[in-house]
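Keep the structure open beside you as you read.

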Amino acid sequence: MEATITLHVDGEKRELTVDTRTTLLDALRDRLGNTSPKKGCDHGQCGSCTVLLEGRRVVSCLTFAVAHDGATVTTAAGLAGEDQLHPVARAFVDHDGFQCGYCTPGQVCSAVGMLEEAGADWPSHVTEDLRAPVTLDDAEIRERMSGNLCRCGAYVNIVAAIREASR
Amino acid sequence: MKPFAYTRPAEAADAVAEVAANPDAAYIGGGTNLVDHMKLGIAEPTSLVDVRDLLSHRVEKLPDGRIRVGAAVPNSDLAAHPEIREHYPVLSQALLAGASGQLRNAATTGGNLLQRTRCVYFQNRAMPCNKREPGTGCAAIEGYGRYNAVLGASEHCVATHPSDMAVALTALGAQVRVLGPSGERTIDLPGLHRLPGDTPQRDTILEHGDLITAVDLPRLPLAARSAYRKVRDRASYAFALVSVAAALRVVDGTVEDVRVAFGGLAHAPWRAHRAEEELRGGPATEEAFRDAARAELADAETGPGNAFKVPMAVNTLAATLRDLSTEETS
């Protein structure tokens with residue numbers, strides 16, 4: 001069964017007809033040619049397909065495209081400006097926050113969404129005082145980024161990159 | 001994945017009528033559990049009725065002091081809500097102990113309550129499972145047992161309920177508001193989830209077509225001093241081996257009031273009435289906490305894979321109550 005939907009992807013309005021079974025991830029990659037979000041586990045466990053949906057980080061593999069008619073989607077590719085990287089992506093480069101790079105677009109989108117959440121003083125599992133403003137120390141960054149796996153194990157530098165980007 | 005029709009009705013009553021009329025229809029909210037199950041072939045709805053937009057996204061204070069949480073409130077928003085952080089910290093902590101930031105942004109309050117077990121045999125179509133396919137047997141009983149239930153299991157199913165949030169709501173005695181084909185009703189937790197018995201395919205007492213519309217939190221001053229403690233195989237982003245949701249009031253060294261629920265031990269969030277009774281009116285000491293936990297676990301049945309859960313549950317409850325009673329005096 002098919003449905004015609006509109007997605008606003010990285011600032012561009014795109015209309016497409018999808019089978020209802022198409023995930024948002026597959027719509028972005030296979031239908032719209034946006035290969036920035038990656039398919040890792042395809043079960044919501046690895047975070048490599050993370051995008052910003054209406055500004056919030058989600059895994060695009062666990063939601064059907066048809067459920068997001070009219071939505072705004074930002075991928076890591078869409079975070080960049082005309083000729084410069086997004087500050088979070090820049091920090092990943094500066095700190096070697098990757099090795100093979102496959103998880104990186106998901107890591108970057110997740111970090112951007114996470115910084116927004118922390119900026120709004122959303123607590124995390126490791127926040128001692130639920131009512132106090134959030135201080136993004138390394139333990140907070142690690143906990144908040146636990147939904148993004150890096151099989152190369154670049155975590156130390158990912159944390160460093162996000163620490164810098166958070167300043 | 002089997003083809004399915006997708007609709008997004010504007011009114012809850014229309015959604016209920018649509019699902020009630022088709023035995024193979026299902027509601028979808030955040031989709032974080034259902035979409036995965038559709039990929040795995042363990043859920044095969046022919047029609048998805050999207051209720052994310054029609055259900056309430058609000059957390060509101062009712063005139064009588066209760067808090068009403070709309071069924072579509074995302075887990076992350078509920079955890080971060082100032083009212084919840086202040087008056088029901090156990091609920092914030094439970095939500096934050098579950099899943100990942102991305103999943104909490106998508107997962108809804110109603111969907112979290114209805115998420116299904118992570119038993120590896122349930123999630124694998126190649127294996128027998130009475131919950132997925134009644135009558136085929138239970139591969140978990142003789143298999144990998146680390147996550148198996150120790151309380152209230154049956155010869156047909158040893159699965160555990162995976163939700164952290166539901167454990168907190170069970171300790172709080174929250175009410176679940178349901179709209180069904182014959183109207184509205186409320187279910188007091190822990191009455192929503194059931195033990196497996198002879199029908200492990202049923203996780204809850206809900207009937208086909210029933211739609212959770214909201215969760216009401218009681219006015220409960222006790223909950224201002226409450227906590228959720230989760231023990232798992234990784235520091236983050238893993239399901240509970242054992243978890244405890246507790247609220248405690250100690251006056252002059254005596255337990256005046258207490259609420260306890262366990263996660264990871266049973267097919268349903270486990271309200272520890274027996275432990276609560278043992279504790280109430282008694283001394284707020286480590287020894288008393290341990291005795292109460294042991295009383296609750298007295299009927300536990302374990303195998304080689306999950307025997308550790310009994311001492312772990314005792315230790316976890318004792319540690320949670322110790323922390324809460326220490327805060328009290330400081």
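B:E256 has a relative accessible area of 45%, so this residue counts as partly exposed. Bear in mind that the model is a predicted one. The side chain of B:E256 meets that of B:R249 in a salt bridge, with 3.1 Å from N to O. B:R249 is partly exposed too, because its relative accessibility is 30%, and the band for that label lies between 20% and 50%.

Is B:E276 buried or exposed? B:E276 has a relative accessible area of 2%, so it is buried. Its side chain forms a salt bridge with B:R271, at 2.7 Å from N to O, and B:R271 is buried as well. B:E276 also makes a salt bridge with B:R280, where the closest N and O atoms are 3.3 Å apart. B:R280, however, is partly exposed, with a relative accessible area of 36%. Elsewhere, salt bridges with shared partners link B:D64, B:R66, B:R68, B:R177, B:E184 and B:D216 into one network. Over all chains, the count of salt bridges comes to 35.

Next, move across to chain A and look for its sheet. Here 5 strands make an open sheet with mixed pairing, in the order β2-β1-β5-β3-β4. In general, the strands of a sheet pair through backbone hydrogen bonds, in parallel or antiparallel fashion. In chain A, β3 (residues 50-53) runs antiparallel to β4, and 4 bridges join them. Within this pair, A:T50 stands opposite A:V59 of β4.

Two helices of chain A pack on the sheet. Helix α1 (residues 24-31) touches β1 (2-9), β2, β3 and β5 (72-74), and its direction makes about 110° with that of β2. Helix α4 touches β3, β4 and β5, with its direction at about 45° to that of β3.

A:F98 sits in the loop between α3 (87-94) and α4 (104-119). A:F98 counts as partly exposed because its relative accessibility is 31%. Together with A:L85 and A:V93, A:F98 makes a nonpolar surface patch of about 220 Å².

Note on methods. Residues numbered from 1 in each chain as written. Chains lettered and ligands numbered in written order. Predicted model: local features only at pLDDT ≥ 70, side-chain atom pairs only at ≥ 80, totals over all residues. Heavy atoms only, no water. Patch = residues over 30% accessible without salt bridge, like charges linked within 9 Å, V, L, I, M, F, W, Y side chains within 5 Å. Areas by Shrake-Rupley, 256 points an atom, 1.4 Å probe, with all protein chains shown as cover. Salt bridge = Lys/Arg side-chain N within 4 Å of Asp/Glu carboxyl O. Buried < 20%, exposed > 50% of the residue type's maximum accessible area, 1.4 Å probe, protein only. Pairing = 2+ DSSP bridges. Contact = heavy atoms within 4.5 Å. Axes fitted to C-alpha atoms, helices over the stretch in contact; angles between N-to-C directions.
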